Amino acid sequence: MTRTFRNFAAAALALAVTPAVFADAALILRADVQRYIDEQVATGRFNRPELEAVFANVESKPGIITALDKPSTSRPWHQFRGSFVNDRLVAAGAAFWRDNETLLQRAEATYGVPPEIIAAIVGIETRYGQNMGSFRVVDALATVGFDYPRRAEFFRNELTEFLLLAKEERRDPMGFVGSYAGAMGMPQFMPSSFRKWAVDFDGDGHRDIWGNSADVIGSVANYFKIHGWMAGDDVLVPAQAAPGPQVDRLIADKFNLHYTVGELKRMGIVPQAPVRDEVKAVLVPLETSPGVTEYWLGLNNFYVITRYNKSTLYAKAAQELAGRIREAKYAADGGVARAGQ
C-alpha cells in the first residue's frame, strides 16, 4: 500500500552529482549488493545464481529518490481533498461496487468491512486500476534500498519480501510492475503486506491484486480486519477544541489511541455527535481553508485506516469518499439502504 517519506532532498542532491552510483552494469559488483546476496544465500531461501541473475538485470532509477521527496499528504486538507474526494471518483466507486456487488457482499460477511470503504481505498490508491505504477518493483526497491541510507533497512527488507513473494507465486521477479515506492496492484500493497495479508479470495491458487477483483477486494478487507476494523462503528465524529498547548500535544499524538473520549472531554475536547466515553479516539485537525481549522475525533476505524496509509488526510479522504460512494450507489438503486444502516 502507499507510504509517505520526507526529507529526501539531500540524498537526491548527492545522487545527482554522483551518477556513477546508478551505473546498472556496476550494480552487481558493488560491495553492499554482494553483502546482501551473501546474507540472503546464507538464509537458505535463495541460491546465488538466481540472485545474481536478478541483480544483473536491475536498473537503478535515480528519479525515484526525487519523487519520494514530494509527498502529496504534505498539503493542507483544503488542497488535498479535491484530488481524492471528487465526482469522478464517486461515480467510478459506485460503478466498481455495482460491478463487484456479490464479491463485496461476501467480503463484508467474511471480514466485516463495508463495500464503500473497500471501494474508496481502491479508488484513492489506483483509480480502480487505472494507475498502478509503471516501475518494475525490483528496480524501485533496489534503488531506494541501496542508494538512500536513511531508508535502506526498510526497503532492503521489502526487497527480500518481494523476492520471496515472486518465488511463492511462481512468477518472474522482473515481471512485477508497481509504484515508485514498490507498492503493487490495485490496492498498492508493499511486498511485506502482500505476503502477510493478501488473500486468494476466489480460490484459484494465486493472489492476484493486479487484475483479479476478487483478490483485490478480499485482500483489502482482510487487511482491515486484521488491523482491528470494527463493523458498524463510526470513523470520525466532529469536535470542538480550543487551540493551545494541550491541543498541540494531542495533535502530535494523532496516530495513537492513548485517550478515551471521556478523558478528552476532561481536556476540553467536546464531541459534536454521540460517542461513548469509553471509546478511544485521537484529535484530528483539518485546515478547511487558509487559516481555518476544523477538529474531529478519529475513532478506532480511523486509526485502522491510518495503518493502511499513515496519513490523517488520507484517512479522512477515505471516510468521506466512502460516504459519497455509498450515497451514489443507493441513489442509483432507488435509495434502498443496507440492513442495519
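Q: Which residues of α7 are buried?
A: In this predicted model, helix α7 covers residues 87–99 and reaches 18 Å from its first C-alpha to its last, close to the 18 Å expected at 1.5 Å a residue. A residue is called buried when its relative accessible area is under 20%. In α7 the buried residues are L89, V90, G93, A94, F96 and W97.

Q: Which exposed residues does α7 carry on the face turned away from its buried side?
A: The buried side of α7 packs against other helices, namely α6 (77–84), α8 (101–111), α9 (115–126), α13 (213–226) and α17 (312–332). The face turned away from that buried side carries the exposed residues D87, R88 and D99.

Q: What is the phi of Y128, in the loop between α9 and β1?
A: The loop between α9 and β1 (135–136) holds R127, which has a positive phi of about 55° although it is not a glycine. Y128 has its place in the loop between α9 and β1 as well, and Y128 is buried, with a relative accessible area of 15%. Y128 is a residue other than glycine with a positive phi, the value being near 60°.

Q: How far apart are the closest N and O atoms in the salt bridge of D38 with R48?
A: Side chains of opposite charge can pair when their charged atoms come close. D38 belongs to helix α3 (residues 31–42) and R48 to helix α4 (residues 48–55), 10 residues apart, and the pair links distant parts of the chain. D38 is partly exposed at 37% relative accessibility, and R48 is partly exposed at 29%. In their salt bridge the closest N and O atoms are apart by 2.7 Å.

Q: Which residues do salt bridges that share partners join into one network?
A: The count of salt bridges comes to 18, and one of them is formed by the side chains of R276 and E278, at 3.1 Å from N to O. E278 counts as exposed at 54% relative accessibility. Salt bridges that share partners join into one network the residues E161, E168, E169, R195 and R207.

Q: Which strands stand at the edges of the open sheet of 5 strands?
A: The open sheet has the strand order β4-β6-β7-β3-β5, with antiparallel pairing. A strand at the edge has a single partner strand, so one side of it is left without a neighbour in the sheet. The edge strands are β4 (259–260) and β5 (270–271).

Q: Which residue of β7 stands opposite P238?
A: Strand β3 (residues 236–240) is joined to β5 by 2 antiparallel bridges, with Q240 opposite V270 in β5. β3 and β7 pair in the antiparallel sense over 4 bridges. In that pairing, the residue of β7 opposite P238 is W296.

Q: What is the phi of G291, in the turn of the hairpin of β6 and β7?
A: β6 and β7 run antiparallel and are joined by 7 bridges, with E287 standing opposite T293 in β7. The hairpin leaves 2 residues between the strands, and G291 in the turn has a positive phi of about 80°.

Q: What angle does the direction of helix α14 make with that of β6?
A: Helix α14 (residues 245–252) packs on the sheet, where it touches β4, β6 (280–289) and β7 (292–298). The direction of α14 makes with that of β6 an angle of about 105°.

Methods
Residues are numbered from 1 along each chain as its sequence is written. This is a predicted model: local features need pLDDT of at least 70, side-chain atom pairs count only at pLDDT 80 or more; totals for chains, interfaces and linings use all residues. Side-chain values use heavy atoms; hydrogens and water are left out. The expected span of a helix is 1.5 Å times one less than its number of residues. Buried means under 20% relative accessible area, exposed over 50%, partly exposed in between (1.4 Å probe, protein chains only). Contact means heavy atoms within 4.5 Å. A salt bridge is a side-chain nitrogen of Lys or Arg within 4 Å of a carboxyl oxygen of Asp or Glu. Two strands pair if DSSP finds at least two bridges between them. Axes are lines fitted to C-alpha atoms, for helices over the stretch in contact, and angles run from 0 to 180 degrees between N-to-C directions.
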